[in-house]
There are 4 protein chains.
Amino acid sequence: MTTPDPAREAPATHRFSVRVYYEDTDFSGAVYHANFLRFMERARTEILRDRGVDQGASFAGDATETFGLVVRSMNIEWLKPARMDDLLTVESRADRIGGATLELDQRILRGDEILLTAKVRIACVINGRAARLPAGLKERLANG
Amino acid sequence: MTTPDPAREAPATHRFSVRVYYEDTDFSGAVYHANFLRFMERARTEILRDRGVDQGASFAGDATETFGLVVRSMNIEWLKPARMDDLLTVESRADRIGGATLELDQRILRGDEILLTAKVRIACVINGRAARLPAGLKERLANG
Amino acid sequence: MTTPDPAREAPATHRFSVRVYYEDTDFSGAVYHANFLRFMERARTEILRDRGVDQGASFAGDATETFGLVVRSMNIEWLKPARMDDLLTVESRADRIGGATLELDQRILRGDEILLTAKVRIACVINGRAARLPAGLKERLANG
Amino acid sequence: MTTPDPAREAPATHRFSVRVYYEDTDFSGAVYHANFLRFMERARTEILRDRGVDQGASFAGDATETFGLVVRSMNIEWLKPARMDDLLTVESRADRIGGATLELDQRILRGDEILLTAKVRIACVINGRAARLPAGLKERLANG
């Protein structure tokens, strides 16, 4: 009898804090809608950093390869506004890890209130071309 | 026999030009993904301006009412990158005009190449609360 | 004989960390020059927050007053570029606290390297008009 | 007797229009202070484009050379706020064209009202290193 591995059954949720500053708001008083995408991208960069992936440098054993993750599509729902000085949490969870693409569920909360939900599809790009996700990265993402 | 009204059968497509500057790009060399949402919002502001709607001021006959359109959801596909100095076109077409929401098809092109497509759902907000689209605005949007 | 008050003789330097993300860079590979001003503004907001000033809400004992600090002028020198993933420090020091204006020395470092220096003159605005700095705020700023 | 060359005596002023959108404003209701620097950079890019300089591509007869202008310093005065929907003009005038640096006077107006003035020092960078301004560019800048 094997003990179930909870990390595989329920992939870890990554949490990242974002403070709202003047630059994030617009004259309506709330955070400008496109700036939530910047917050989600910061969280994705931190997920890769936590797993040892440096998007600014090379990856996968060959110093001449440049590696990046590129957003292919998003389904986003803006549910409630965020305001100046709010301390938000970006929650990210790998939903499906395919050969060359990665699906993330991301949402942005203020305390327990969900302000935004997004389903994000990301592709792996090596030297500017679509490529399979390196095996090492897949494992690191799957194991939270 | 009635002559079909082409404006109602095939709603007018609004076209708006955007030049790509340094500020729009990131170190990957391409336009930062979230900045395409800024381009689409500029186009929506120009559609309203063309139809005589001033989002910064009041609307609909009552000077004490503040009127705004708020993005509720988007389905976005990023198909190809845009680059520094590119001259892009944002095409917008009203897809469905409901009582309190508006669905737009927006896409971003460089010449004939489609770089991004988006289905955008927008709600009308008056004095900070969801409200029905004013009748005058509905007609102006429907007639292109 | 009085003991010198070190906080008055050498005003405290406030330090604030900023991580560089995709959104901050441009296609040259470095941080876009104007984005350093956003980093300095975040630091100023944190200075006020540390001293109990909420720019989003009212200030100074009268709930109907809205308080803000507005940048009047800057002398900025960009010395070296910052890059994706850099962890920067914004250092801020009150240089001169006048009746209605405040002069700050701000600089941005990566480790020991100084990337940018700025002399920033800020005015106090209450209910949208230039106003004297509230006495409580002056003391809190002077004492670091 | 020589006829004075008016282009040299009073260098041409370059004018560039900028519309203010949601993205440019913050919750104070006015344009975010750092965004004026984006407007001035757009104008500088257009000056170079008008003079046949493509910052995204190579310059000066050698296809392997990448050419760019980098901001070294600015003295900026913010005089009056700009608002959503404002149509602004960025005026730029070459003040001093040196061997490796260029000084511009830039200002931002709404109609006749001056909202911002800036003295901007720019350096020429070829292949990532400070370099002399190419002679062709100097002449094109000097002659407006």
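**Strands and copies in a predicted model**

In strand S5 of chain B, Leu102(B) has Ile122(B) as its bridge partner. This is a predicted model, where local features need pLDDT of at least 70, side-chain atom pairs count only at pLDDT 80 or more, and totals for chains, interfaces and linings use all residues. Residues are numbered from 1 along each chain as its sequence is written, while chains are lettered from A and ligands numbered from 1 in the order in which they are written.

Start with the strands of chain B. A strand here is a DSSP run of E, at least two residues, numbered from the N terminus. Two strands pair if DSSP finds at least two bridges between them.

What else does S5(B), residues 113–126, pair with? Strand S2(B), residues 67–78, is joined to S5(B) by 11 bridges. This pair is antiparallel too. Find Met74(B): it stands opposite Val120(B) in S5(B). Next comes S6(B), residues 129–130. Two bridges join it to S5(B), again antiparallel. Val125(B) stands opposite Ala130(B) here. The hairpin of S5(B) and S6(B) has two residues between the strands, and Asn127(B) takes a positive phi near 50°.

Now move to chain D. Strand S1(D), residues 14–19, and strand S3(D), residues 87–97, run antiparallel, joined by six bridges. Arg19(D) stands opposite Leu87(D) in that pair. S3(D) also runs antiparallel to S4(D), residues 101–110, with eight bridges. Ala94(D) stands opposite Leu104(D). A hairpin of three residues joins S3(D) to S4(D).

How do the chains relate? Chain A can be laid on chain B by a turn of 180° and a shift of 0.0 Å along the axis, with an RMSD of 0.0 Å. That is the relation of a two-fold axis. In chain A, the C-alpha of Asn75(A) is nearest the axis, 2.2 Å from it. Such copies are superposed by least squares on the C-alpha atoms of residues with pLDDT of at least 70 in both.

Finally, look at where chains touch.

How values were computed. Helices (H or I, at least four residues) and strands (E, at least two) are DSSP runs, numbered from the N terminus.
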